[in-house]
Each structure stands twice: as structure tokens, then as C-alpha cells.
Amino acid sequence: MAKRSKRMQEIDKMVDPSKTYKLEEAVDILKKAPAPKFDQSVNMALRVGVDPKKSDQLVRGTVSLPHGTGQKIVLVVIAKGEKAKEAEEAGADIVGADDLLEKIKGGWTDFTALIATPDMMRELGKLGKVLGPRGLMPTPKAGTVTTDVAKAVREAKAGKIEFKVDKTGNINNAVGKISFKADNLVDNLKTLVQAINKAKPSSSKGVYLRSMYLSTTMGPGLKIDLSNMTAATA
């Protein structure tokens with residue numbers, strides 16, 4: 001068995017793997033845990049009571065985190081004419097049309113979010129094999145296919161994120177950086193859980209919010225008391 005690093009041995013002393021933690025307590029532990037030499041992301045993994053194989057039980061939506069994610073967003077907009085100008089003025093990092101479509105077709109995906117106007121989706125849809133696996137394909141439901149590109153750009157830059165259930169029934173999202181104030185991380189997480197709770201499909205029966213873990217990029221995973229979370233976000 002490989003020897004655990006001194007940092008991980010210190011973390012082991014702080015964490016009880018059999019315990020379920022209150023949200024505020026978990027955030028406090030993560031912030032106090034010995035950290036690597038970079039600003040780690042704080043990640044939420046939430047198991048929901050749905051069958052992802054059924055189309056009427058898919059959980060998907062967007063939410064604006066009150067304190068952003070702390071991640072650098074490279075935002076690309078595929079649009080022409082006046083809409084392209086609106087995107088540039090709103091703060092998009094890269095704006096283009098046919099030129100960018102060709103670049104993406106060649107495998108370029110050095111960006112974190114993609115917004116497009118509806119008239120560009122016919123050609124953009126052909127690039128599903130490039131964008132789909134990376135979660136970069138724009139969709140109307142996520143607000144990334146829109147004629148109001150200026151609003152979409154501003155929201156994305158302000159911390160609007162998309163959440164969706166995966167094939168195993170889990171929702172995974174970053175909710176900030178470990179350098180954030182504890183209260184800000186708590187606010188972001190409560191906002192996200194509230195949005196997921198509201199997105200419960202009517203066909204989902206039984207317990208919807210099943211279990212949740214909070215972790216950092218290279219830190220421990222702590223099980224969160226969901227009864228407390230549900231009460232806080234009801």
C-alpha cells in the first residue's frame with residue numbers, strides 16, 4: 001500500500017469518514033485542511049432520486065451563484081452582425097461566426113462556455129461530436145442559445161452555471177474556490193441546492209435529494225446533512 005503524504009495524514013486526523021456534517025461545519029473543515037499550493041475548487045456531488053434513463057426524469061437547469069465560481073471564464077459567442085457587436089460590448093472574450101465554426105471543427109475547445117444565436121445552430125449542431133463530450137454545446141434550456149446575447153454574456157460572466165444529472169443519477173458542480181469566505185461558499189451551495197430542489201421532476205417519487213458530498217480538488221470528501229440543507233433552502 002502506498003504511503004499517504006504528510007498532508008493527507010493531517011487531513012485524516014480532521015475528518016471522520018463515518019460522520020455526516022452540517023454544511024457550515026464541513027466548509028470550516030475544508031478551509032482549515034492543509035492545502036496544496038494552488039486555489040482549489042470546492043465541489044458538490046449530489047445524488048438525486050430520479051431514473052436518468054427516463055426522459056421525463058431528467059434534471060437540468062441554470063442558476064446564478066451569488067458569489068460566482070471563482071473560475072476564469074473564457075466565453076465564446078457564435079453570432080453575426082448586430083448580435084456579434086452586442087456580444088463584444090457585453091464582454092464576450094471571443095466573438096465570431098463561420099471562422100470560429102471552422103476552428104471548432106478542427107478540434108479547438110480552449111474555452112469554458114459557448115453562446116450562440118438560433119440562426120447559427122444549424123451549422124453548430126454539426127459539431128456535436130466535438131462539443132458534446134465536453135459539455136460545451138449550447139442549448140435553449142440553458143439559456144445559451146438566445147437572441148439576447150448581451151444578457152447571456154453578462155449572466156455567464158457573473159457566475160451563472162448549468163446543472164444536470166448524469167447517467168448515474170448524480171449532479172456535480174463547482175461552487176467556488178477554497179479562498180472564498182466561508183459564508184460565501186455556504187451561500188453559493190444553498191443557492192445551487194435550492195435550484196436543484198425546484199427542478200424536481202413531477203414523475204420523481206420518494207426521496208429526491210438522496211445524499212451529498214462536499215470536497216476540494218485535492219482534499220477530503222465530507223458527507224453533508226441534507227435535512228439541514230433542505231430546511232435551509234425550502
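This is a predicted model: local features need pLDDT of at least 70, side-chain atom pairs count only at pLDDT 80 or more; totals for chains, interfaces and linings use all residues.
Which residues does proline 220 touch, not counting residues up to four places away in sequence? They are Ile11, Val15, Leu30, Leu214 and Ser215, where contact means heavy atoms within 4.5 Å.

Residues are numbered from 1 along each chain as its sequence is written, and side-chain values use heavy atoms, with hydrogens and water left out.

## Around proline 220 and threonine 216

Let's start with proline 220, in the loop between β9 (209-216) and β10 (221-224). Helices (H or I, at least four residues) and strands (E, at least two) are DSSP runs, numbered from the N terminus. Proline 220 is buried, with a relative accessible area of 10%; buried means under 20% relative accessible area, exposed over 50%, and partly exposed in between (1.4 Å probe, protein chains only). Isoleucine 196 is 24 residues away along the chain, and the two C-alpha atoms are separated by 24 Å.

Threonine 216, in strand β9, is also buried, at 4% relative accessible area. Its side chain makes a polar contact of 3.3 Å with the side chain of glutamine 40 and reaches the backbone nitrogen of glycine 219 at 3.1 Å. A polar contact is a pair of N or O atoms within 3.5 Å; within protein, one must be able to donate a hydrogen and the other to accept it, and residues adjacent in sequence count only if both atoms are side-chain atoms. Leaving aside neighbours within four places in sequence, the contacts of threonine 216 include Leu30, Val42 and Ile178.

Helix α2 (residues 23-32) has Leu23, Ala26, Val27, Ile29 and Leu30 as its buried residues. Seen down the axis of α2, they fall within an arc of 160 degrees, so they line one face of the helix; the arc is that of the directions from the helix axis to the C-beta atoms. In general, an α-helix has 3.6 residues a turn, so residues three or four places apart point the same way.

Now for α7 (149-158), where Val149, Ala150, Ala152, Val153 and Ala156 are buried. These cover an arc of only 165 degrees around the axis, which puts them on the same side of α7. Their cover includes β4 (75-78), α3 (81-90), β6 and β7. Glycine 159 follows α7 and has a positive phi, near 115 degrees.

## The largest pocket

The largest pocket has a volume of about 880 Å³. On a 1 Å grid over the protein atoms alone, a cavity is a set of points where a 1.4 Å probe fits but cannot get out, and a pocket is an open set with protein on both sides within 12 Å along at least five of seven lines; lining residues have an atom within 4 Å of a point. Grid points are joined across faces, edges and corners, and a volume is the space filled by probe spheres set on the points.

The lining of this pocket has 33 residues, with Thr112, Ala113, Lys160, Ile161 and Glu162 nearest its centre. β6 (113-116), α7, β7 (160-164) and β8 (170-177) each supply at least two lining residues, and β7 gives the most, with 5 residues.
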